[in-house]
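Subject: Structure for your review

Dear colleague,

Please find below the structure that I am handing over to you, together with its sequence. My notes on what was found follow directly after it.

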Amino acid sequence: MNPSIDIQHLKKVFGKQVVLEDVNLTVKPGEIVGLIGPSGAGKSTVIKTMLGMEKADGGKALVLDTQMPNRKILGNIGYMAQSDALYESLSAKENLVFYGKMKGVDGQQLTSEIDHVAQVVDLTDDLTKRVSNFSGGMKRRLSLAIALLGDPDLLVLDEPTVGIDPSLRKKIWDELHRLRDAGRSVLVTTHVMDEAELTDRVALLLGGKVLAFDEPKKLEAEYKVPTIEEVFLAAEGELEK
Amino acid sequence: MKRVLAIAGRIGRELLRDKRTLAMVLIMPILVLWLLNIMFSANTTTSVKIATVGVDSQITKTLDKTKHVSVVKYDKKSTANDKLKHYKVDAVLTETSSNHYKVTYANIDPTKTSVAKAALKAAILKGKMTTMAKTSAALQAQLAQLTGQTAQTSTIKSSAGSTTKITNHYNYGDADTNFFSKMIPLMMGFFVFLISGMGMLGERTSGTLDRLLATPVKRGEIVSGYLISYGLLAVVQTIIVVYSAIWIMKIEVVGSVFSIIVINVLLALVALTFGMLLSTLASSEFQMMQFIPIVIVPQLLFSGIIPLDTMASWVQDFGKILPLTYAGDALTEIVMKGTSLANLGGDICALLIFIVVLGSLNILAMKRYRKV
């Protein structure tokens with residue numbers, strides 16, 4: 001089976017600044033991949049290129065077997081940005097209905113999917129409330145629920161658990177694992193290093209390149225450290241030498 | 001199409017919940033119209049006091065009869081000038097020699113000066129006319145004794161006099177209608193421009209545009225959704241503005257109100273696409289506000305509120321690239337002459353071209369945020 005994301009020798013230049021030099025990244029169906037790296041490393045640029053918001057200057061960016069940018073394939077990708085990107089004057093349900101329709105989900109299917117995703121992020125009782133009355137965590141959860149709409153084959157989540165309580169964070173990760181077991185692919189960027197341990201493979205993005213890309217346990221063994229956090233620090237230290 | 005309607009519905013719902021913006025769009029124009037109406041009626045009732053020294057009684061009588069003009073007679077020039085100095089009178093008229101007049105204006109308020117000027121001119125002219133009429137009447141009386149045709153000639157005289165009066169009234173009417181057909185589209189265009197621009201800007205800064213473009217929606221569908229929702233808002237706004245202009249300002253509309261709405265909606269769509277386009281150049285609400293003078297002032301100056309006939313040809317040509325020129329022209333035709341939409345093809349075409357060009361530019365500009 002072909003990988004859901006297949007990025008080879010991806011290069012991206014803004015003006016004179018080379019943001020991505022040579023990025024190789026694959027996400028297989030039924031796999032959660034964590035993308036970690038310091039801010040400014042180009043994580044968002046990788047994601048934007050995958051979604052067709054930016055065009056690669058070199059290399060190939062195949063998403064679900066389609067060279068990006070491509071509009072139609074976006075219906076099969078669930079995307080959650082760093083900003084919540086919600087319509088504040090609308091209720092949670094109205095937001096879900098609107099984005100659902102944009103993704104091409106409609107009618108009975110949309111209603112049942114809204115019920116399901118609301119349950120996953122624990123917002124069932126707050127669906128009729130306006131988003132402007134939501135707390136930061138609730139907004140984050142609603143944003144995640146929108147990404148889950150349409151039962152996409154690929155989920156791209158940019159910092160999904162910022163501002164979410166530990167108990168709910170666990171619930172979200174349980175849902176991500178459930179989706180993985182159902183054969184979906186998930187790409188997650190995160191700053192929380194112990195979350196990186198929950199992924200199947202971790203990609204370490206530093207200096208425009210993927211320096212290390214393997215299972216968390218194997219990376220820890222390779223760098224001879226006990227946690228991903230220390231792998232991160234060690235890799236950063238090596239780069240500076 | 002489903003997506004277009006969903007986007008239009010969503011914007012409509014957001015607008016309905018934004019009470020302050022709604023009030024600005026729907027109530028503000030009425031308030032502005034009402035204020036302008038007050039300013040207009042204040043202008044026409046400026047009253048002037050003119051002091052006369054040794055002026056022919058014929059002229060002072062005519063002056064006194066003129067609306068909003070009162071005359072005070074003084075014997076000495078020095079007393080009259082004293083009154084002028086203390087703002088008791090607005091002008092002093094002295095007859096230096098027969099048929100030679102000298103006027104001194106206080107000129108505190110230019111409106112009063114111009115009213116006094118006009119009144120004096122009319123009175124002196126009329127005075128001459130009466131003298132002439134008297135002379136000619138005397139001549140005619142002599143002639144009549146010869147031919148017996150007095151009655152006919154004097155009828156002609158009086159009808160000539162009343163014609164002059166009608167032209168005056170027409171001038172005022174013209175000023176009002178001009179105001180209606182140029183000011184209202186400007187005002188409408190302004191509100192739609194600002195609100196749609198802000199709406200698009202908000203969508204961009206809050207990240208919802210990015211997220212929207214991360215779904216398979218077409219860029220054209222987003223622009224169409226905006227056109228439909230704000231177009232409907234413009235219809236409601238036009239109806240309110242037009243009817244309040246008719247009721248509050250008592251403006252007579254010869255043509256159909258429906259035609260006025262059509263033209264205004266077209267103009268609103270131009271303003272909308274232009275506002276959206278400019279919003280891509282702004283990175284904050286404050287920067288959006290800075291576009292207002294750049295966009296509004298040229299429209300105000302060049303679109304015919306101030307007559308351009310006597311200006312250099314490049315000025316007149318510049319007016320042709322402004323959408324308000326066409327909307328104002330079409331509205332003048334409808335309001336004053338009752339021209340039907342079918343006969344306004346040129347203006348409608350020009351507005352449609354603006355909409356199509358600006359709309360496509362918007363779709364193109366959105367490519368910045370998604371490459372397909």
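I begin with a pair of residues in chain A: A:Val13 has A:Val18, in β2(A), as its bridge partner. The model is a predicted one, and every remark below should be read with that in mind.

The strands around this pair come next. β1(A) and β2(A), the latter covering residues 17-27, run antiparallel and are joined by 7 bridges. These two strands form a hairpin with 2 residues between them, and A:Gly15 in the turn has a positive phi of about 65°. β1(A) also pairs with β4(A): the two run antiparallel and 5 bridges join them. Within this pairing, A:Gln8 has A:Lys60 of β4(A) as its bridge partner.

A:Lys12 belongs to strand β1 (residues 5-14) of chain A, while A:Asp57 lies in the loop between α1 (43-50) and β4 (58-63) of that chain, so the pair ties together parts that are 45 residues apart in sequence. Over all chains, a search of the whole structure finds 21 salt bridges. In general, side chains of opposite charge can pair when their charged atoms come close.

The peptide bond from A:Met68 to A:Pro69 is cis, with omega near 5°. A:Pro69 is found in the loop between β5 (66-67) and β6 (77-80) of chain A. The other detail concerns A:Asp151, whose phi is near 45°, a positive value in a residue other than glycine. A:Asp151 is placed in the loop between α4 (136-148) and β7 (154-158) of chain A.

I now turn to chain B. An open sheet of 4 strands is found there, in the order β2-β1-β3-β4 and with mixed pairing. Why is one side of β2 and of β4 left without a neighbour in the sheet? β2 (69-74) and β4 (100-105) of chain B stand at the edges and each has a single partner strand, so one side of each has no neighbour in the sheet. Neighbouring strands of this sheet are turned by 25° against each other on average, direction ignored.

Strand β3 (residues 91-97) of chain B pairs with β4(B) in the antiparallel sense over 6 bridges. B:Thr94 has B:Lys102, in β4(B), as its bridge partner.

Two helices lie across the strands β1, β2, β3 and β4 of chain B. Helix α4 (residues 57-65) of chain B runs at about 145° to β2(B). Helix α5 (residues 77-85) of chain B runs at about 155° to β3(B).

Finally, there is the interface of the two chains. How many residues of chain B are in contact with chain A? There are 26 residues of chain B in contact with 32 residues of chain A. Between them the chains bury about 2600 Å², with 62% of it on carbon and sulfur atoms. In chain B, the residues that lose the most area to chain A are B:Arg17, B:Arg211 and B:Pro216, together 28% of what that side buries.

The count between chain B and chain A is 3 salt bridges. One of them joins B:Arg13 to A:Glu94, with the closest N and O atoms 3.4 Å apart. On the side of chain B that touches chain A, α1 (2-17) and α8 (208-213) are the elements that give two or more residues. The largest share of that side, 8 residues, comes from α1(B). By class, the side has 9 nonpolar, 4 polar and 13 charged residues.

With kind regards

Notes:
Residues are numbered from 1 along each chain as its sequence is written. Chains are lettered from A and ligands numbered from 1 in the order in which they are written. This is a predicted model: local features need pLDDT of at least 70, side-chain atom pairs count only at pLDDT 80 or more; totals for chains, interfaces and linings use all residues. Side-chain values use heavy atoms; hydrogens and water are left out. Contact means heavy atoms within 4.5 Å. Buried area is the accessible area (1.4 Å probe) that two parts lose on being put together, summed over both. A salt bridge is a side-chain nitrogen of Lys or Arg within 4 Å of a carboxyl oxygen of Asp or Glu. Ala, Val, Leu, Ile, Met, Phe, Trp, Tyr, Cys and Pro count as nonpolar, Asp, Glu, Lys and Arg as charged, and the others, Gly among them, as polar. Two strands pair if DSSP finds at least two bridges between them. Axes are lines fitted to C-alpha atoms, for helices over the stretch in contact, and angles run from 0 to 180 degrees between N-to-C directions.
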